[in-house]
Amino acid sequence: MAASINSEMVFLLLQFLNEQNFNTTARMLEKESGFFFNMKHFEEMINKGEWDEVESYLSSFARVHENRHSTKIFFEIRKQKYLEALDKHDKDAAVEILSKDLKVFKALDENLYKDLTMLLTLNNFREVDRLCMYRDGETARMLLFIELRRLIEANPVLCDKLLFPSFQDSRLRAFINQGLNWQHYLCNNSLPNPTIRSLLVDHVCGEVNSAQASSSEANASTRPTPRGDGLIPTGAPVVSHSNPPTTTSLAGLMAGSSSLPNQLAVSVRPMGLNPTKYSASELAWGRSLSLGAPEEAINMQIDEAGPSNAQPLHTHVDEAGPSDVLPLHMQIDEAGPSDAQPLHTVIDEAGPSDAERRPLHSHDQNLPTTVVANLNQGSAVKSMDFHSVQHTFLLVGTTTGDVSVWEVCCRRMLASRNFKVWDIGACSLQLQVSLANEYSASVTCARWTPDGNGFGVAYSKHMVQLLSYHGGDDLRNHLEVEAHVGSINDLAFYHRNKQLLFITCGEDRIVKVWDAATGIRLHAFEGHNSPVYSVYPHIKGDIDFILSTEVDGKIKVWMYDDEGERVDYEAPGRSCSTMAYSADGTRLFSCGANREGESHLVEWNDTEGTLKRMYLGLGKQTVLEKVHFDTTRNRFLAVGDEFAIKYWDMDNINLMCTADADGGLPASPCIRFNKLGTLLAVSTNEHGVKILANASGSQLFRLIGDHTGTSSKAPLIVPWGASSSRAGTSSNTAVRKNMPSITVLGDVDANLVISNEKGKSKISRPIEINQRSQLRSLKLPDRFLPVRIMKLAYTHSGDCILALIGNSIHELWKWRRNDMNVDEMATTGVVPQLWQPSGGMSMINDISGMNLEVARVPCCALSKNDVHLASSSGGKISLFDITTFTRVNAFMTPPPAATSLAFFPADNNVLAVGREDGAILIYNTVIALAFATALDVLASLGEDDELCLWSTSVWRKKESKSLQIAPECTPSLHAQSRLQFHPDQTHFLFFHKMLITVYNASKLECIHQWIPERSSSAITGATFSCDGQSIYATFDDGSVGIFFAPALQIKCRINPTAYIVLPTPSSRIYPSVVAAHPLKPNQFAVGLTDGAVCVLEPLETEETWGVARSSRAT
């Protein structure tokens, strides 16, 4: 908290210095404090080419080798400094920069340093291809700043220092006024016109005549006596205008005495003495008292005679006093509910925005609120966790020590274990005595490992057990550790440097870190004063740390490399809380209840350790139980509270909606989302679990349930990548010899999809869509000739579609926000704008010098921040800024030509390029690329059918395997093909004209393969939906197949008559590319061979393709 107070004091000073135009001093304070990185000042220095000042300012916040972002920033600055010296033909300066400034990067990339050195030998460095677009220093600096700004915003050391907090003008002066008003109130002989001579000493009114004194004493008798409770009042008196003065702004009043109103009648009283709605423990958390009065006390008048008897008060500065002391006045914002906020709660003084305060009355269709299954566990549920890959596998732990694996769509328990110590002889004497008295223990936490190959179980008696799961009922003992003395309260898995760790905490007040492979204890963090309640590991930038909470509300942050605590603060109300980050790791939340039953759901500023917002709507706990909460899809929060599930939008403090799950829930039910957010499990009073689903989850239940509802046998469940011929540990997992080969993807019953001997899928009857009335479609406007669409993509924000046409021109369509499109997303209900900058510029790939008779493979890729487009039509690779359509750079003159492009999702400045002759890090000709940040890999496919995985941490090959594709399906360089990772990033999709396959990424094993019949048309495109539940595939007969992805089974077919209008009966138009919306699972776009782009969605009456909303899962 001290750091937060210090930073706020610095911001107050910076505001004052900027208002007084003390710019040099303000920049010095920014550098010395390190709290605020002034991007505007940084830009000005760069545009002026003040490189020494740029480095001096930057060095106050970051170091060269701090992380890769910092290294890149310093390198780009010094490189620009070097190029400008070369451009001025100042070889002496260039040599000095090269030998002093750039030499530090030689160890990182010696070849690059050699290339920079070679520039000294050239008369004009623009002769180098990579620098041919360099115009002049001024333009280069502008482009440099754009690049540096993105690097700074991505740099974990700098990204939290870019925002100057929003607060009222002249805030420091307002605080000084409040202090002086308070001092004047405490004067024994308050004068109506006090003279303020200096701010360096406390204000005291001078002596007055007897008449004035007696009047003052009389007035003083009506004033309240400050309470002697040890709370030092820090607020200012409340002002009440008997005759309101003329309206004058606060800034105007502070500017000089001439702005002061002639008469200002006040009734004064001390503020901050009355108890606020926050408890004393919350004030202790902030190590300060609340500033200001509680909202309900603001309008109270102390003088019972009313405002008319109030003494007028005029404050002015003695002209003989210091010339730099400005006039002071008394002005308090009487509307200030924000003043009642405790000091540690960082909220905009204007309070939550209208959007934040506005209640939501309708249920969001994306929330799982419909009950689709009931599972009978048999004992009270204590902990649950969905599988990280197979999204319908649920792990359940109970109060009797049982742990079970459920397939929720089949409503069947696949495997179960009772509590049992594997090696009682290895246990401590204390545990042996406890077990001898009562051989039972409750599960306190059950969690899957990140890869889903096993799970861990923590018990109420000393013990943690790790088990590996091999499908069916095959559970195998892996590791047993007596981790703590007493109950183990929480368990979490974590990968660090490719090593799987698990973290535990317990009643012995210690947090411990273990090697999951060997059971060796790696760290023990001590320092909690009460039992540790929960743990949560996280990584931010390059820093690994652990959050831990204790039952008395204390929160600590531990660093892996230092066994001492780094941060120590308290939860609101000293509540016993659990903590969790959003799925993208950017937002931190906590939820819990204190001993008084008060519940708190809050979002934290994890850098400052302060509150960003406190959510409304939680009830008071009548029975002290753990308050369970979870997050999903970087958007929603859910809490089990008051016999229901309550949902919030992360950006809105008001309760969004409530689901009672048809009743039967305990007061504080245990809840858990699956990783896609389509399902939610909630515990019941009847020792069971209910499964709630949204539209996508309901569809999943219907598709699977239709095939499992009539079967009395347990399904054959084969884990992803596992062999289907392996015998299980029980009869129901045995595979009959005469049964066809069965492969199962994720959540699906094994009987759902059966491959025949040729590897071709048996397809059940898909729903046929033949007419325009059966779907919603929109043809996007265009202005070019009917030329084939070569590449198609949505922007990551989902509000634009980008197309690369066969003539090397790009088209961009933008959807604007309006009454019919409030979320500003791509939709079939609104026609988008075919966007082009005001200058009429177009993004056209460089094809100069190309032999147009030689077929080339077009390729393009969008950066994660939707700013840069890398594209090639067989010539140079062009790098465009899609906000202005300007070509930032062009590089890599063919031959060899680029055949595939992919931006590294973790860094917008890293671009992978596959070339037709084999790139340096890619084996042979590369026809497809895809990144998976969760696995830290880049997948590539070569023309020789070689599938490779490359490590993105060291950029070396990890593994490779030949696809062994049938001859009729073999890819060729000039045919459409694609690699795409599933949203879980552990599997990927590959398609070619006669083949769709799904692979296990870690093992490079094919788990699904779909080959159309010989009479079928060729596949022209395929892509996962954004939730991974569907695959959209296009064919050269004009049809679109919609597959159920977990089984690779076609469920719906859209025929061309439903969305394509043929100019003549003999015309042949079909989709050449397909792209899925990044946020809407049921929307996709197709690019046609005639240059048109169509966006397709199911009817509003349907939950998803072919499934009516009126349908309900049974």
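**View 1. Where α5 touches α6.** Arg78, Lys81, Tyr82, Ala85 and Leu86 in α5 are in contact with Lys91, Ala93, Ala94, Ile97, Leu98 and Asp101 in α6 (contact means heavy atoms within 4.5 Å). Sort the residues of this contact and you get 7 nonpolar, no polar and 4 charged. Here Ala, Val, Leu, Ile, Met, Phe, Trp, Tyr, Cys and Pro count as nonpolar, Asp, Glu, Lys and Arg as charged, and the others, Gly among them, as polar. This is a predicted model, in which local features need pLDDT of at least 70 and side-chain atom pairs count only at pLDDT 80 or more, while totals for chains, interfaces and linings use all residues. Residues are numbered from 1 along each chain as its sequence is written, and side-chain values use heavy atoms, leaving out hydrogens and water.

**View 2. How α5 and α6 line up.** Helix α5 (residues 68-87) packs against helix α6 (residues 91-101) at an angle of about 160°, and their axes are 8 Å apart. That makes the two helices roughly antiparallel (angles over 145 degrees, on a scale from 0 to 180 degrees between N-to-C directions).

**View 3. Inside the largest nonpolar core.** This core has 39 residues, and Phe37, Phe42, Tyr82 and Leu102 touch the most other members. A nonpolar core is a set of buried Ala, Val, Leu, Ile, Met, Phe, Trp, Tyr and Cys residues joined through side-chain atoms within 4.5 Å; buried means under 20% relative accessible area (1.4 Å probe, protein chains only). α5 gives the most to this core, with 8 residues.

**View 4. Zooming in on Tyr82.** Skip its neighbours within four places in sequence, and Tyr82 is in contact with residues including Ala94, Leu102, Leu116 and Thr117.

Methods
Helix = DSSP H or I, 4+ residues; strand = E, 2+ residues; numbered from the N terminus. Parallel < 35°, antiparallel > 145°, perpendicular 65-115°, else oblique. Buried < 20%, exposed > 50% of the residue type's maximum accessible area, 1.4 Å probe, protein only.
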